[in-house]
Amino acid sequence: MSILAWGQLALYLAVLLVLAWPVGHWLAALCAGRLPGWMLRVEAPLYRLAGTSAGQAMNWVQYALALLAFNALGALVVYALQRLQQWLPLNPQHMAAVTPDSAFNTAVSFVTNTNWQGYTGEATMSYLTQMLALAVQNFFSAATGIAVAFALIRGFAARSSGVVGNFWVDVTRVTAWLLLPLSLVFAVFLVSQGAIQNFDTYKDVTLLETTRYQQPRNGPDGQPLTDAKGNPVTEDAKTRTQTLAMGPVASQEAIKMLGTNGGGFFNANSAHPYENPTALANFFQMLSIFLIPAALCFAFGLEVGDLRQGWAVLAAMTIMFVIAVVAITPAEQAGNPLLTPLGVDQGMSALQSGGNMEGKEVRFGINASSLFAVITTSASCGAVNAMHDSFTPLGGMVPMVMMQLGEVVFGGVGTGLYSMLVFAILAVFIAGLMIGRTPEYLGKKIESYEMKMTSIAILVTPILVLAGTAVAVLADAGRAGIANPGAHGFSEILYAFTSVANNNGSAFAGLSANAPFYNIMLAIGMWLGRFGVVVPVLAIAGALARKKRLAVTAGTMPTHGPLFVTLLIGTVLLVGLLNYVPALALGPVVEHFMLWGAH
C-alpha cells in the first residue's frame with residue numbers, strides 16, 4: 001500500500017472513532033430509555049395508538065413475534081406499492097407495474113435490510129415507490145436490526161428479569177430519535193455537495209462534447225435527396241442529447257448509508273454523480289456506513305457496565321478490517337498482468353491512478369474504491385462506488401470473504417454487534433473447554449441451550465449460501481444467467497448467494513439475476529438469512545436475561561484484553577472461513593491462478 005492509502009485509512013478510522021463516541025452514548029440512552037421528558041411526551045400517543053406503553057416489557061418470544069409480524073406486513077406493503085405504481089401518483093415517467101417475481105424479490109430485499117436490486121432503479125421504480133416503499137423500509141429494517149442488538153444487550157445486562165424490552169418502543173425510538181435526525185443532516189450535506197433532490201421529470205440535455213457528422217438529407221417525401229450526379233445530399237447531424245434521470249435522491253441516499261441498506265436510487269449506485277458527487281461526499285458516505293455499528297460497541301460497553309468490553313469488540317472488528325484493506329488495495333494496484341505485454345502503463349503516477357481501473361471511477365481511484373469495497377461488504381450495506389465484478393480475482397475475493405465471515409467486521413446496524421457477540425459466546429465456550437470449566441461471558445453462564453442457539457445462528461448463512469450456489473450451478477435456469485462461463489461465472493453465483501444470505505445486497509453484476517429463478521431463490525435466501533439468525537439471537541437474549549450475573553472470581557476468564565481479542569478474531573476466521581474454503585478455491589482462487597498463469 002502507498003503512503004496515500006495508509007493515510008486515508010488512518011484518517012478514516014480516526015474520524016470514525018471521534019464521531020462514534022457521542023453516538024454510542026446516545027444509543028446507550030435509547031437502549032435504557034434515558035430520554036428527555038419532551039421526547040417521552042411525544043412518544044406516548046404513538047404507543048397508545050399501538051396498544052402498548054413504554055413500560056410494557058416483552059419476553060423474547062413476544063419480541064420475536066412482534067418483529068416478524070411487523071416485517072411481514074412491511075413486505076406486503078412494499079410488494080403492493082410496486083404492483084400498483086402505474087395507477088399511483090408521483091410517477092411522472094409513467095413507470096409500469098413491477099413484475100410479480102421482481103416485486104416479491106424487492107419487497108423481501110428491502111424489508112430484510114439487504115437491498116439486493118435485480119432491476120434498474122431509474123427505469124423501474126416511480127418516485128412514490130422509491131420514497132414510500134423503499135426509503136421507508138430503509139428506516140424500519142435498520143431500526144429492526146438495532147432493536148435486536150438492544151434486546152441482546154439487555155439480556156447480558158439483566159439480572160434475572162426474563163424480559164428483553166419492547167419491540168414497538170425500540171423501533172419507534174431508534175427511528176424517531178436516531179435515524180431520522182441523522183438522515184436529515186446527512187441529506188442536507190449531500191445536497192450541498194451536488195446530490196439531487198426533486199420531483200422533476202427526466203431531462204433531455206445537450207452534451208458538452210458533441211460529435212457532428214454527416215447524415216443523408218431527406219426530401220419532403222422522406223426519401224434521401226441526390227444531386228445531379230446521383231450522389232446523396234448530406235447535412236450536419238443534430239447535436240447529441242442525453243436523458244438525465246431526476247428524483248428525490250439525497251433523502252434516500254442518506255438513510256441508505258446510515259442504515260447500512262445500500263439500495264441505490266440509480267442503477268450505478270454510489271458510482272453515480274447524483275448519488276455520490278464529490279470525494280468529500282464519498283468520504284462521509286464511507287463514514288456513515290460504519291458510524292452506528294461502531295457506536296453500538298460503545299453502547300454495549302456502557303450498558304453492561306464495563307466499557308472495556310465494548311472496546312474489545314471494537315478492537316477485534318478494527319483489526320480484521322485493516323487486514324482486509326491491506327489485502328485488497330495492493331491486489332487492485334497490481335493491475336492486470338495480461339495488459340503488460342501490450343505496452344499498457346499500469347503504474348501509479350501524478351497523471352493516473354494506475355493499477356486495475358476497470359469498473360472504477362477516475363474521481364475516486366484505486367485507494368478510495370478499494371476502501372469503499374471493504375467497508376460496504378464488512379457492513380451489511382452493499383452500496384458500491386465501483387464494479388466489484390471488474391476487480392482482480394483476489395481483489396474481488398476480499399469483499400466476498402468479508403460477507404462470508406457473517407458481516408461481523410463492524411457489520412450492519414445492529415446485526416454486526418449481535419453477530420459478533422454470538423461469536424464471542426462461541427469463543428468463551430471454546431476457552432471453557434480448554435480450561436475445563438463452565439464458560440461465562442459478562443457474568444452469565446453459557447450452557448447447552450445458548451450453544452444450540454449459537455450454532456443455529458452461525459450455521460444458517462453458510463447452509464443458505466452453499467446450498468443455493470449448488471442448486472443454481474446445477475439448474476439450467478441458474479446457469480442461464482451466467483455471462484462469463486468458467487471460474488468467474490461460478491464466482492458470480494457464489495457472490496450472489498453470499499450477498500443475499502448475509503443481507504448485503506452488492507453483486508458481481510455480470511450475473512443476469514432478474515429472472516424468476518433467481519428472484520425467488522434469492523428472496524428465500526434473504527428472508528431466512530435475516531430471520532433465521534434474528535430468532536436464535538433473541539432466544540439467546542431471553543435465556544441470558546433469566547440468568548443471574550455471577551461475581552468475577554480468580555478463575556473468570558477476562559473478556560476485555562488482548563488475549564480475548566485474539567481468541568475472538570481466531571474464532572471468527574476459523575468458523576467463518578472454513579465453511580467456504582472449497583467454494584472459494586473453485587472460484588476466485590482458480591481465477592487468480594488462471595490470470596497469472598496465463599501471464
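**Exercise 1. Cysteines**

Is Cys 31 buried or exposed? Then decide how many disulfides the structure has.

Solution. The model is a predicted one.
Step 1. Cys 31 has a relative accessible area of 7%. The cut-off for buried is under 20%, so Cys 31 is buried.
Step 2. A disulfide requires two cysteine sulfur atoms within 2.5 Å. By this rule the count is zero disulfides.
Step 3. For Cys 31, the nearest cysteine sulfur belongs to Cys 297 and is 14 Å away, so under the 2.5 Å rule Cys 31 is in no disulfide.
Step 4. Cys 381 is in no disulfide either: its nearest cysteine sulfur, that of Cys 297, is 17 Å away. The relative accessible area of Cys 381 is 0%, and Cys 381 is buried.

**Exercise 2. Overall dimensions**

Work out what radius of gyration a compact globule of 599 residues would have, and set the value of the protein chain against it.

Solution. 
Step 1. The rule is 2.2 Å times the number of residues to the power 0.38.
Step 2. For the extents, the C-alpha trace spans about 105 × 60 × 45 Å along its principal axes.
Step 3. The secondary structure of the chain consists of 19 helices and six strands. Of the 599 residues, 55% count as buried.

**Exercise 3. Salt bridges around Lys 256**

Which residues are linked with Lys 256 in a network of salt bridges? Describe each contact.

Solution. 
Step 1. Side chains of opposite charge can pair when their charged atoms come close. The structure holds twelve salt bridges.
Step 2. Lys 256 pairs with Glu 253, with the closest N and O atoms 3.1 Å apart. Both residues lie in helix H8 (residues 249–258), three residues apart, about one turn of the helix. An α-helix has 3.6 residues a turn, so residues three or four places apart point the same way.
Step 3. Lys 256 also forms a salt bridge with Glu 275, at 2.6 Å from N to O. Glu 275 is in the loop between H8 and helix H9 (279–303), while Lys 256 is in H8, so this pair ties together parts that are 19 residues apart in sequence.
Step 4. Together, Glu 253, Lys 256 and Glu 275 form the network. Lys 256 and Glu 253 are both buried, and Glu 275 is buried too.
Step 5. For another salt bridge, take Arg 363 and Glu 361, whose closest N and O atoms are 2.7 Å apart. Arg 363 is partly exposed at 33% relative accessible area, and Glu 361 is partly exposed at 25%.

**Exercise 4. A nonpolar patch**

Which residues make the nonpolar surface patch of about 330 Å²? Find the helix with the largest share.

Solution. 
Step 1. The patch is made by Phe 104, Ile 520, Ile 524 and Leu 528.
Step 2. Helix H17, residues 516–546, gives the largest share, three residues. Leu 528 is found in this helix.
Step 3. Patch residues need over 30% relative accessible area. Leu 528 has 40% and is partly exposed.

**Exercise 5. A contact across the sequence**

How many residues apart along the chain are Ser 109 and Asn 261?

Solution. 
Step 1. The two are 152 residues apart along the chain, yet their C-alpha atoms are separated by 9.6 Å.
Step 2. Ser 109 lies in helix H4, residues 100–111. At 0% relative accessibility, Ser 109 counts as buried.

Key:
Residues numbered from 1 in each chain as written. Predicted model: local features only at pLDDT ≥ 70, side-chain atom pairs only at ≥ 80, totals over all residues. Heavy atoms only, no water. Patch = residues over 30% accessible without salt bridge, like charges linked within 9 Å, V, L, I, M, F, W, Y side chains within 5 Å. Areas by Shrake-Rupley, 256 points an atom, 1.4 Å probe, with all protein chains shown as cover. Salt bridge = Lys/Arg side-chain N within 4 Å of Asp/Glu carboxyl O. Helix = DSSP H or I, 4+ residues; strand = E, 2+ residues; numbered from the N terminus. Buried < 20%, exposed > 50% of the residue type's maximum accessible area, 1.4 Å probe, protein only.
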